[in-house]
Amino acid sequence: MPSKLHERGLEMRKQVLGAEQVEATLSAVDQFTQPFQEVINEYVWGAVWARPGIEPRIRSMLTISMLTALNRPHELKTHIRAALGNGVTREEVMEILLHANVYCGAPAAVEAFRCMREVFNAADAAAQTPRP
């Protein structure tokens with residue numbers, strides 16, 4: 001039976017990343033990745049993201065800057081999408097990446113801006129696609 005921390009983390013994870021993405025990730029777990037997903041739900045999302053001290057919008061902004069510094073493009077794209085859903089504007093994402101350029105260096109910022117453009121283009125394309 002999942003712990004309260006796990007349940008709180010799963011709820012926060014779905015709130016930030018979107019239920020569809022989280023469910024897709026969890027449907028792909030196997031016996032080797034299940035323990036890792038449990039740790040992510042309990043610790044990352046339940047113990048840290050769900051804390052009351054910083055709202056999710058600010059946590060998204062911090063995460064974008066840290067993932068830029070770490071040069072983790074796959075996770076960066078995920079968190080740029082999540083940030084937009086958390087109320088972070090495109091202009092704020094751009095400003096975060098400009099700021100990261102100074103502290104993380106141009107190569108990290110170049111990759112981060114590529115990720116940003118990819119996420120923005122995908123969001124624009126999705127917005128223009130008619131829904132049935």
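This is a predicted model: local features need pLDDT of at least 70, side-chain atom pairs count only at pLDDT 80 or more; totals for chains, interfaces and linings use all residues.

Visitor: Start with a helix pair. At what angle do the axes of α4 and α5 cross?

Guide: Read the angle together with the approach of the axes. Helix α4 covers residues 56–70, and helix α5 covers residues 73–85. Their axes come within 9 Å and cross at roughly 160°. Angles over 145 degrees count as roughly antiparallel, so α4 is roughly antiparallel to α5.

Visitor: Which residues of α4 and α5 make the contact?

Guide: From α4, they are Ser60, Thr63, Ile64, Leu67 and Thr68. From α5, they are Glu75, Leu76, His79, Ile80, Ala82 and Ala83. By class, this contact has six nonpolar, four polar and one charged residues. As for handedness, α4 passes α5 in a left-handed crossing.

Visitor: Now α1 and α3. How do their axes cross?

Guide: The axes of α1 and α3 cross at roughly 80° and come within 7 Å. The range for roughly perpendicular is 65 to 115 degrees, so α1 is roughly perpendicular to α3.

Visitor: Which residues of α1 and α3 meet?

Guide: On the α1 side are Leu5, His6, Arg8, Gly9, Leu10, Met12, Arg13, Val16 and Leu17. On the α3 side are Gln37, Glu38, Ile40, Asn41, Glu42, Trp45, Gly46, Ala47 and Trp49. The classes in this contact are nine nonpolar, five polar and four charged.

Visitor: On to empty space. What shows where empty space is left?

Guide: A probe the size of a water molecule, rolled over the atoms, shows where empty space is left. Here, one cavity of 30 Å³ or more turns up. The largest cavity holds about 30 Å³ of space.

Visitor: Which residues line the largest cavity?

Guide: Its lining is Leu67, Thr68, Asn71, Arg72, Pro73, Leu76, Ala108, Glu111 and Ala112. The largest share, three residues, belongs to α7. Sorted by class, the lining has five nonpolar, two polar and two charged residues. Leu67, Thr68 and Leu76 of this lining also belong to the α4 and α5 contact.

Visitor: Pockets next. What volume does the largest pocket have?

Guide: The largest pocket has a volume of about 550 Å³. Its lining counts 23 residues. Nearest its centre lie Val44, Trp45, Leu67, Glu75 and His79.

Visitor: Which helices supply at least two residues of the lining of the largest pocket?

Guide: They are α1 (4–17), α2 (19–27), α3 (34–49), α4 and α5. By class, the lining divides into twelve nonpolar, six polar and five charged residues. Leu67 is listed here, in the cavity lining and in the α4 and α5 contact.

Visitor: And how much space lies in the second largest pocket?

Guide: About 200 Å³ lies there. Its lining has 14 residues, with Leu17, Thr78, Arg81, Ala82 and Gly85 closest to the centre. The elements giving two or more of the lining residues are α1, α5 and α7.

Visitor: Which helix gives the largest share of the lining of the second largest pocket?

Guide: That is α5, with five residues. The class count for this lining is eight nonpolar, five polar and one charged.

Methods. Residues are numbered from 1 along each chain as its sequence is written. Side-chain values use heavy atoms; hydrogens and water are left out. Axes are lines fitted to C-alpha atoms, for helices over the stretch in contact, and angles run from 0 to 180 degrees between N-to-C directions. Helices (H or I, at least four residues) and strands (E, at least two) are DSSP runs, numbered from the N terminus. Angles under 35 degrees count as roughly parallel, over 145 as roughly antiparallel, 65 to 115 as roughly perpendicular and the rest as oblique. A crossing is left-handed if the near helix is turned anticlockwise from the far one by less than a right angle, and right-handed if clockwise. Contact means heavy atoms within 4.5 Å. Ala, Val, Leu, Ile, Met, Phe, Trp, Tyr, Cys and Pro count as nonpolar, Asp, Glu, Lys and Arg as charged, and the others, Gly among them, as polar. On a 1 Å grid over the protein atoms alone, a cavity is a set of points where a 1.4 Å probe fits but cannot get out, and a pocket is an open set with protein on both sides within 12 Å along at least five of seven lines; lining residues have an atom within 4 Å of a point. Grid points are joined across faces, edges and corners, and a volume is the space filled by probe spheres set on the points.
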